[in-house]
Amino acid sequence: MRREGFLCLTLGLVAAVPAARADVMLIADGTLTGSAAGPNADLSGLTGSLENGAAANLLGGLGSGIAYAGGDTFLALPDRGPNAIPFNPAIDDTASYIDRFHTVTMNLMPAAPGAPLPFTLTPTLTATTLLSSATPLVYGNADGPGALPQNTPNQFFFTGRSDNFDPNQNSGNPADARLDPESIRVSNDRKSVFISDEYGPYVYQFDRATGQRLKSFALPGNLYVSNLSPVGDNEISGNTSGRVANKGMEGLAITPDGKTLVGIMQAPLIQDAADPATQNLLRIVTVDIATGATHEYGYELTAGTGASDIVAINDHQFLVDERDGKGLGDGSKAKVKQMFEIDIAGATDITNLTGAAAAAAAVKKTLFLDVVAQLNANGIPSDQIPSKIEGIAFGPDVTLDGMTEHTLFVSNDNDFDVDTSGPNQFFVFGFGDADLPGLAQQLFVPEPASLLLLGIGVLGMGVIRRCRAA
């Protein structure tokens, strides 16, 4: 088995499913529990507490989404905040947690001889960016619009609180302050990020440096619900079509050319779930970034109870993270955490299809990685595997046993609860060209500083053997 090597920094069917590829292997893992601001604290600069008593700068949940940004830089996304603390069932115990993303440096280095894995991974939090709008947002709490004390006349923050919506609009209203972020991707110029959410579902573009919203993408109308409620169960019972509450657009990919976003719903739409032919059918939505044009494709669940992320292999092939909710945090043993390869080339657009016609058009899928089996094989028992394996991203290449290996970073959402769900964890899997022969790296625009460091490294150490755009 490939075990020793050194790091090569790079800048940037539904039918029977065959066994996972044998050469995909766990090469490193790491955890992140704090920052320079202290244990369990992020770098938002926020002070004080939320309505439920949790710290406003609480670090957690940051594995809901993960994105590669070139070099050793990743962006990690928490969801709507620490709502596992009972305090107000009328709003599903959600609080005015300001939505944010974190910048994390992933130091991936060769391990010492005899170590259980060939590499060590040390994640370091370097920045926290709060998400906001330059125009007013609707806050539905008792204090009315502008209730967040951090708001200014030109900056209105998105929050996870479930009652921050306009009841006279459908769930796709971009003026709603509520946002439940679930996946994140970086633009090719690295100046902005794209985030998908569960409340709308929404797909927004934000300035990476400031966190201010730049653009809202209109999604197909069949994804939205008409009757809104701060209580998820009430929202589900009050609608006959649209996304299921808390199971909206869980995953988001960006094609390597940076032109298309590809989102996947966590669960079947209400109308699809009501039909036996499509009760396991998820909707994949492609969005042309320049024009806003959308298409829908079908994905049939065969292993897990939902999909948690999607990442682009190239402009038509993708990896889908399909999982159940079992494992650490659920008090049970993990069973299904699997990555499936799909191809939408030539697939049928199912935007206007329902029932058997939509089901028949579902894309074929092939098992790429069984996460539970891999972690078990490396001594991690099923009851210690995080229940919410939710973020996936391709990362930098490494050299192992003289061969170039690609990497897949996998992250978990610990629900801001280290005691129950463990820390924010990152697992790194290595694989070769033969495992994903169509893999195309995202075409990031080079950064001058990175190019300078690259030149110094090549001339001074001679250890950088292969580079791609950063």
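This is a predicted model: local features need pLDDT of at least 70, side-chain atom pairs count only at pLDDT 80 or more; totals for chains, interfaces and linings use all residues.
Two strands pair if DSSP finds at least two bridges between them. Helices (H or I, at least four residues) and strands (E, at least two) are DSSP runs, numbered from the N terminus.

Residues are numbered from 1 along each chain as its sequence is written, and side-chain values use heavy atoms, with hydrogens and water left out.

## The chain as a whole

The chain has 26 strands and six helices. Of its 470 residues, 59% count as buried. Buried means under 20% relative accessible area, exposed means over 50%, and partly exposed lies in between (1.4 Å probe, protein chains only). The chain exposes about 17,300 Å², and carbon and sulfur atoms supply 54% of that area. Accessible areas come from the Shrake-Rupley method with a 1.4 Å probe; for residues, only the protein chains shown count as cover.

How confident is the predictor? The average pLDDT of the chain is 90, and 89% of the residues score at least 70. The pLDDT is the predictor's confidence in each residue, from 0 to 100. Over residues 1-21 the pLDDT stays under 50, and the model has 84 contacts for them beyond four places in sequence. Residues 450-470 also have a pLDDT below 50; this stretch has 42 contacts beyond near neighbours in sequence. Contact means heavy atoms within 4.5 Å.

Strand 12 forms a hairpin with strand 11, with five residues between them. In the turn, Arg 190 has a positive phi of about 65 degrees. Arg 185 has Phe 194 of strand 12 as its bridge partner.

Strand 12 also runs antiparallel to strand 13, joined by five bridges. These two form a hairpin as well, with five residues between them. Here Ser 196 is bridged to Val 203 in strand 13. The loop between strand 12 (192-197) and strand 13 (203-207) holds Pro 201. The peptide bond from Gly 200 to Pro 201 is cis, with omega near 5 degrees.

Most residues other than glycine have a negative phi, and most peptide bonds are trans. Which loop residues have a positive phi without being glycine? Asp 93 is one, with a phi of about 60 degrees. Phe 416 is another, also with a phi of about 60 degrees. Asp 93 sits in the loop between strand 6 (73-77) and strand 7 (100-110). Phe 416 sits in the loop between strand 25 (403-412) and helix 5 (418-421). The table gives accessibility for these residues and for two more, described below.

| Residue | Relative accessible area | Class |
|---|---|---|
| Asp 93 | 16% | buried |
| Phe 416 | 9% | buried |
| Glu 341 | 13% | buried |
| Asp 343 | 30% | partly exposed |

## Strand 21

Glu 341 belongs to strand 21 (residues 337-343). Its side chain makes a polar contact with the side chain of Gln 317 (3.1 Å). A polar contact is a pair of N or O atoms within 3.5 Å; within protein, one must be able to donate a hydrogen and the other to accept it, and residues adjacent in sequence count only if both atoms are side-chain atoms.

Asp 343 is in strand 21 too. Which residues does Asp 343 contact, leaving aside its neighbours within four places in sequence? They are His 316, Gln 317, Val 363 and Lys 364. The side chain of Asp 343 makes a polar contact with the side chain of His 316 (2.8 Å). The Asp 343 side chain also reaches the backbone nitrogen of Ala 345 at 2.9 Å.

Four strands form an open sheet in the order 15-16-17-18, with antiparallel pairing. Strand 15 (249-254) and strand 18 (294-300) stand at the edges with a single partner strand each, so one side of each has no neighbour in the sheet. Strand 15 pairs with strand 16 (residues 260-265) over five bridges. Ile 254 has Leu 261 in strand 16 as its bridge partner.
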